[in-house]
Amino acid sequence: MKPIAFVLLGLSAAACAETRTLFNDGWRFARFGTLADGSHRDEPGKPVEVIRATSEEAGKGNVATNAIDGNPETRWCAAAGRAEEFVTLDLGRVAKVGAIGVMPEKPELECVVEVSADGEDWRKLAGPGAGETQRFEAGGREVRWIRVSAGNVTPQRWASIREIEVRNADGAKIEPRSEEAGEGPQAVDFDDVGWREVSLPHDWGIEGPFRMELDGSTGKLPWVGVGWYRKAFTLPEDEKRWFLDIDGAMSDATVYLNGEPVGRWPYGYTSFRVDLGEAVRPGAENVLAVRLDNKDQSSRWYPGAGLYRDVWLVGKPVVQRIVHNGVFVTTPEVSAEEAVVKVGVEMSDGDCPAGYGVDVELLDADGAVVAAGLMGEVLRVSKPRPWSLEDPYRYTARVTFRHGEEVLESVEEPFGIRTIEFDDEEGFRLNGERVYVKGVCMHHDLGPLGAAFHLEAAERQIRILKEMGCNAIRTSHNPPAPGLVELCDRMGMLLQIEAFDTWDRAKRGNDYARFFPEWHERDLRLMVRNFRNHPSVVMWSIGNEIPGGYQTNPDGWRKADALRKIVKSEDPTRPVTMGNNARGAANHLWKGIDLLGFNYKPDLYAKFQEKKTGVPVYGSETASCISSRGEYFFPVSWDKSKGQADFQMSSYDTSAPPWAQRPDIEFTAQDATQPWNFGEFVWTGFDYLGEPTPYNNDMTNLLNIRDPEERERLKKQLEEIGRITPPSRSSYFGIVDLCGFPKDRFYLYQARWRPDLPMAHLLPHWNWPERKGEVTPVHVYTSGDEAELFLNGTSLGRKKRGPEDHRLVWDEVKYEPGELRVVAYKDGRRWAEADRSTTGEATKLLAEVETIGEMSFVEITVVDDEGREVPRSNPELVFEVAGAVKILAAGNGDATSHVTMWRAERMPAYNGKCLVIAEGKGRLKVVSEGLESATVELP
């Protein structure tokens with residue numbers, strides 16, 4: 001059966017203009033390989049696999065087939081040190097098996113062999129124990145499937161098998177055989193009855209369910225497997241060339257049109273174009289198919305899965321001379337009176353042919369032409385309106401290719417008029433004015449929505465970050481969705497766009513290192529070309545914490561320099577940087593980059609500056625404080641390794657992993673190194689799916705540690721965590737939680753980053769009936785310079801902030817119910833106030849809605865009779881809709897919750913809060929047993 005037919009309308013624009021149509025609806029989807037529940041479904045069109053593994057180190061060549069290739073020098077190795085890793089051998093038919101021989105890589109691995117005739121009823125064979133060759137007697141049992149795992153694995157000794165041999169009762173070797181492949185989903189007439197109808201963006205992993213046994217570092221979500229998307233559509237008979245723009249496909253995408261392969265792109269974060277070429281059938285139905293393959297151990301965080309960003313159908317004139325992404329606008333000189341604008345145009349066959357011309361026009365935001373000329377001419381804009389954080393104004397460059405008066409092709413590129421400068425003495429300047437970079441690192445998922453990119457949700461994130469005072473985002477550790485860059489242009493947010501988390505040395509068994517040699521230059525060039533006209537982008541990053549000695553070896557900088565040259569060949573106007581966690585990066589690596597970023601090394605800023613290299617310095621990844629919203633543990637300790645219990649982290653904001661530090665330490669280092677240290681990117685702005693440090697036994701954490709004693713201590717800690725299965729499935733690093741609810745730390749950064757905003761914030765909450773009379777420290781975050789604390793009207797003293805005091809602390813407060821209040825002062829004048837009161841019992845729900853575009857975000861709060869938020873209240877909430885409302889997702893910010901967020905109909909509150917994300921017009925009602933319900937109208 002063919003997929004849903006989709007007829008394209010509205011594509012009858014002038015033949016010279018590019019048409020770009022959102023291509024998100026009308027898809028059919030199915031997944032194969034590893035399914036959401038952990039079972040396996042064979043992929044149509046592929047021979048039945050003789051042997052497959054739960055995971056394999058494909059990047060190192062240690063794949064499952066090595067275990068049956070007859071060569072003991074090769075091996076299968078799992079891609080993680082988990083006890084449940086195994087390989088499954090399919091003999092292709094039922095055979096009487098006498099014995100099975102297994103040769104583990106290490107004799108200490110005590111193998112386990114299970115056999116089955118039908119794939120459902122499994123029998124464990126008696127084993128000989130550890131040894132170089134281990135023989136399992138089957139006694140002539142009828143067997144088709146053989147499952148081999150390795151016992152007593154550790155985080156350092158992974159499951160790894162050199163050979164598996166199967167013999168019959170006479171000792172003859174039984175060779176497995178595969179079945180013939182059938183028709184694949186790329187075929188036009190492939191029967192996709194039963195496939196699901198989906199609209200893009202689509203992330204099949206966020207659909208869940210969360211599974212306890214899955215890797216917490218990638219979110220305990222079932223994103224591994226093969227996915228196929230199919231779509232039928234009819235093109236008009238216009239004389240056009242057709243392309244597909246895919247903003248992101250996770251991962252290893254292969255694109256087919258009418259059964260023919262037309263493109264492939266492995267890196268799931270790259271936005272790429274596919275030329276549909278000669279496979280197109282104008283005026284007839286076309287069938288598009290996209291295959292994606294997500295391998296286990298290919299990411300250190302939750303990567304998502306599927307066509308998780310927008311897809312566009314692009315029509316261009318048959319005569320094309322302007323290269324895709326070939327228009328590059330720069331503004332080298334800007335003053336109040338005039339801006340110099342250069343518009344580079346790359347032509348497909350070099351210079352413009354004789355008899356042809358290329359016109360360039362600059363348009364303001366209202367569409368009026370403010371400058372015009374021919375290709376290659378310098379244009380000047382009188383009294384320009386510069387793009388800035390406060391006024392993110394943009395112009396448009398229109399490039400027209402013509403023959404005489406006949407227009408053959410036209411391309412438009414938005415851009416901003418602005419200048420950027422980085423100086424090792426004066427820091428960063430935007431339009432000649434010094435700007436301190438108040439940045440955060442952000443992974444790409446959108447919390448309850450998973451990796452599926454929704455413009456409205458990203459806009460909400462940026463709005464929340466700007467409220468905190470943030471002015472920059474580092475897209476860690478990969479290129480972002482084009483929509484995010486567009487939002488940053490429009491909303492006034494600086495961007496550092498990053499390319500890679502690793503180069504040719506893997507951090508995970510199947511990560512980007514396996515593609516790096518062949519694909520890195522294409523990915524790097526395309527990243528720059530995709531985003532170089534965006535004024536929000538002020539620097540490019542070529543990598544993060546790159547292993548393989550590149551940060552520390554005397555010649556390691558040469559590889560960085562080679563990547564820098566690739567970037568500079570596409571954009572010479574912006575600096576190239578990378579995030580470095582090795583102390584030795586200060587010795588040589590700086591030679592290969594333009595800006596030196598330190599990850600968690602505040603003590604190295606001044607030491608590096610003393611070298612007088614001329615290279616500016618900043619904090620590329622800072623703090624990594626960990627906390628859970630609304631959780632407070634006692635006694636309060638300034639020891640960063642403390643403050644954890646019940647798989648949560650205290651919100652006193654004093655905890656951090658061994659390689660990191662609480663925010664106060666970074667603040668002090670930043671203050672001491674101004675103005676030449678141009679700022680920081682905090683890890684992280686929002687919580688994200690995966691990497692639930694410290695409840696995560698991911699041994700790549702050791703990459704952050706260089707001190708031998710500290711490294712050994714962390715190693716033991718990780719091994720200990722590896723003996724249990726923590727429920728944690730999302731991070732604790734965020735200043736804002738997974739749902740967009742600010743943690744206490746939000747106000748610590750707001751106090752620093754918005755010094756002119758009168759504000760004060762108190763913590764902890766003041767509902768502690770079990771702590772009456774016990775010491776319950778109180779911390780105050782304020783943009784004031786001193787504050788007085790009151791408990792039930794009695795002053796507990798007035799404290800003045802010193803140069804290194806980024807919070808005010810009352811350590812000896814003894815809890816008693818009532819009102820805690822703080823009055824902050826600045827320059828001796830009353831500045832701001834805040835209070836915390838002991839609340840009554842939870843009696844009702846409050847709901848507030850924020851609608852952005854077609855999406856509504858409903859924040860639900862559990863309150864008492866007086867409307868005060870009740871902390872530590874976690875009632876079950878049920879969502880009822882009326883009208884055209886559709887719930888997209890819900891969440892609560894609890895890193896240990898395993899309630900599926902996608903399309904959730906119910907969700908427990910977490911510490912008094914819950915979020916529902918919906919679309920459509922109508923009514924949403926939230927009910928909970930024993931509480932007054934809340935109802936909101938969604939516009």
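1. Let's start with Lys800: at 58% relative accessibility, this residue counts as exposed. Bear in mind throughout that this is a predicted model. The partner of Lys800 is Glu786, with the closest N and O atoms of the salt bridge 3.9 Å apart. Glu786 sits in strand 42 (residues 786-791) and Lys800 in strand 43 (residues 794-800), so their pairing ties together parts 14 residues apart in sequence. Glu786 itself counts as buried, at 12% relative accessibility.

2. Next, have a look at Arg196 and Glu207, whose side chains meet in a salt bridge at 2.8 Å, N to O. Arg196 belongs to strand 12 (residues 196-198), while Glu207 is in the loop between strand 12 and strand 13 (225-234), eleven residues apart. Arg196 is partly exposed, with a relative accessible area of 33%, and Glu207 is buried at 16%.

3. Then there's Arg745 with Asp653, a salt bridge at 3.5 Å, N to O. This pair links distant parts of the chain, 92 residues apart: Arg745 is in helix 8 (residues 744-753), and Asp653 is in the loop between strand 38 (648-649) and helix 6 (663-672). Both Arg745 and Asp653 are buried.

4. On salt bridges overall, the count comes to 74. There is also a network of them, linking Glu346, Glu521, Arg525, Arg529, Arg532 and Glu570.

5. Finally, helix 1 (residues 455-468): its 14 residues reach 20 Å from first C-alpha to last, close to the 20 Å expected. Its buried residues include Glu456, Arg460, Ile464 and Met468. Just after helix 1 comes Gly469, with a positive phi of about 110°.

Definitions and conventions:
Residues are numbered from 1 along each chain as its sequence is written. This is a predicted model: local features need pLDDT of at least 70, side-chain atom pairs count only at pLDDT 80 or more; totals for chains, interfaces and linings use all residues. Side-chain values use heavy atoms; hydrogens and water are left out. Helices (H or I, at least four residues) and strands (E, at least two) are DSSP runs, numbered from the N terminus. The expected span of a helix is 1.5 Å times one less than its number of residues. Buried means under 20% relative accessible area, exposed over 50%, partly exposed in between (1.4 Å probe, protein chains only). A salt bridge is a side-chain nitrogen of Lys or Arg within 4 Å of a carboxyl oxygen of Asp or Glu.
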